Amino acid sequence: MFPVNRPRRLRQNDPIRRMVRENVLTANDLIYPLFAVPGSSIAQEVKSMPGVYQLSVDKIVEEAKEVRDLGIPAIILFGIPADKDTDATGAWHDCGIVQKAATAVKEAVPDLVIVADTCLCEYTDHGHCGYLETGDLTGRVLNDPTLELLKKTAVSQAKAGADIIAPSGMMDGFVQAIREGLDEAGFTDTPILSYAAKYSSAYYGPFRDAADSAPQFGDRRTYQMDPANGMEALKEVALDIAEGADMLMVKPALAYMDIIWRVKEMTQLPVAAYNVSGEYSMVKAAALNGWVDEQRVVLETLTGFKRAGADLILTYHAKDAVRWMQS
C-alpha cells in the first residue's frame with residue numbers, strides 16, 4: 001500500500017518550492033524605524049538593541065539614503081527631544097526633532113516615504129502619552145485634552161514633510177481628531193496609519209531605552225490593551241476604520257499573530273505589524289551567543305507575519321533582511 005497523495009512532490013527542490021510558495025517577503029513590505037536626537041555627527045548605539053542607534057539629523061539623512069538604496073520604501077521617525085515638559089512641546093513644535101528630521105530627509109531623499117510616529121510619551125516629562133490630572137501618579141491619561149495635542153502634533157509633522165501620520169497613543173477618538181486636524185490644515189491627502197490594536201506589552205522594554213520614554217510612575221495599562229483580549233482588538237479596529245483610518249497596525253507582532261490574522265479577515269484596509277524592540281533584541285542576543293542562526297530566524301519570523309496577514313512590517317531587521325534576501 002502506498003499513499004495516493006504525496007505533498008513532498010512539491011518540496012523536492014528549490015525551484016519547485018519557489019514556484020508554489022504562498023507568501024513571499026520583499027523589501028516593499030518593510031518600514032525601518034529611526035530615532036532622531038538633537039546635535040550633529042551623533043550615532044549612539046542603544047545598549048539593549050545592538051545595531052540600532054540614536055542619530056542626529058545629519059546621520060538620519062545618511063541612513064535614509066541607505067534605506068532608499070536598499071529598496072526599502074519607508075522609514076518611521078521617532079524623536080528624543082532636548083527638553084521635556086507637561087505639554088509635550090517637542091512633539092508639536094515646528095522646530096521639534098522629528099519635524100527637523102522629516103524636513104531634512106524629504107529634501108535629501110524625496111522619494112522615500114516618511115511615516116511620523118504621532119505620540120507624546122517621548123516628549124512629556126512624566127513619560128506618559130498625554131496630559132495627566134495634576135498630582136495623579138497612576139498614569140491615567142486625560143483622553144480628550146490629549147486629543148488636541150495629537151492634532152497639533154500631526155499637523156506639524158505633515159507640514160514638516162511627513163507623508164503618513166501614525167498615531168500610537170491609544171486614545172479614544174484619536175483617529176477622528178487627527179483626521180479633522182489634518183483636513184482643516186489642508187492635508188486631506190495625508191493618510192493615517194493607526195496603531196489600532198496596541199497592547200500593554202513587556203516586549204517594549206528596549207524601545208524605552210532607545211526613545212527615552214519609560215513612564216516615571218504608574219504604567220500604561222489604562223490606555224494600552226490587555227494582552228489577554230482578542231475581541232477588544234476587533235472593536236478598536238472597527239472604531240478606527242469608522243473614524244477614517246487608512247491603514248491599521250497591530251503591535252507587538254510576534255505574540256499577536258492571531259490578532260493580525262483576525263484584523264486582516266475583517267477589513268480590506270492594509271494591515272501593518274510592528275516587530276517590536278523586545279522581539280528584535282531577543283533574536284540579537286541569541287544570535288550573538290551563537291544559539292540561533294540570525295538570518296534564518298529573522299526571515300522566518302518576518303515571513304510568518306506575512307502569512308498571518310500583514311501587508312507591512314515595521315522592523316529593526318529591515319536592512320539586514322533585504323541584504324539577506326538579495327544575497
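**Cavities and a buried helix**

User: Which element gives the largest share of the lining of the second largest cavity?
Analyst: In this predicted model, helix 11 provides that share, with three residues. Helix 10 (277-288) and helix 11 are the elements that give two or more residues to this lining.

User: What makes a residue part of the lining of the second largest cavity, and which residues line it?
Analyst: A lining residue has an atom within 4 Å of a cavity point. Leu-254, Asn-275, Glu-279, Val-283, Val-298, Thr-301, Leu-302 and His-317 line this cavity, whose volume is about 40 Å³.

User: How do the residues of that lining divide into nonpolar, polar and charged?
Analyst: There are four nonpolar, three polar and one charged. Glu counts as charged, so Glu-279 is placed in that class.

User: Why is the other space called a cavity, and what is the volume of the largest cavity?
Analyst: The term applies because a 1.4 Å probe fits there but cannot get out. The largest cavity has a volume of about 130 Å³, and the structure holds two cavities of 30 Å³ or more. Its lining comprises 18 residues, with Cys-121, Lys-198, Phe-207, Arg-220 and Lys-251 nearest the centre. By class, eight of the lining residues are nonpolar, four polar and six charged.

User: Why are some residues of helix 12 called buried, and which are they?
Analyst: The word requires under 20% relative accessible area. In helix 12 (residues 318-326), Ala-318, Lys-319, Ala-321, Val-322 and Trp-324 are buried, so each falls under that cut-off.

User: What covers the buried residues of helix 12?
Analyst: The cover includes strand 1 (30-37), helix 2 (57-69), helix 11 (294-308) and strand 10 (312-315).

How values were computed. Residues are numbered from 1 along each chain as its sequence is written. This is a predicted model: local features need pLDDT of at least 70, side-chain atom pairs count only at pLDDT 80 or more; totals for chains, interfaces and linings use all residues. Side-chain values use heavy atoms; hydrogens and water are left out. Buried means under 20% relative accessible area, exposed over 50%, partly exposed in between (1.4 Å probe, protein chains only). Helices (H or I, at least four residues) and strands (E, at least two) are DSSP runs, numbered from the N terminus. Contact means heavy atoms within 4.5 Å. On a 1 Å grid over the protein atoms alone, a cavity is a set of points where a 1.4 Å probe fits but cannot get out, and a pocket is an open set with protein on both sides within 12 Å along at least five of seven lines; lining residues have an atom within 4 Å of a point. Grid points are joined across faces, edges and corners, and a volume is the space filled by probe spheres set on the points.
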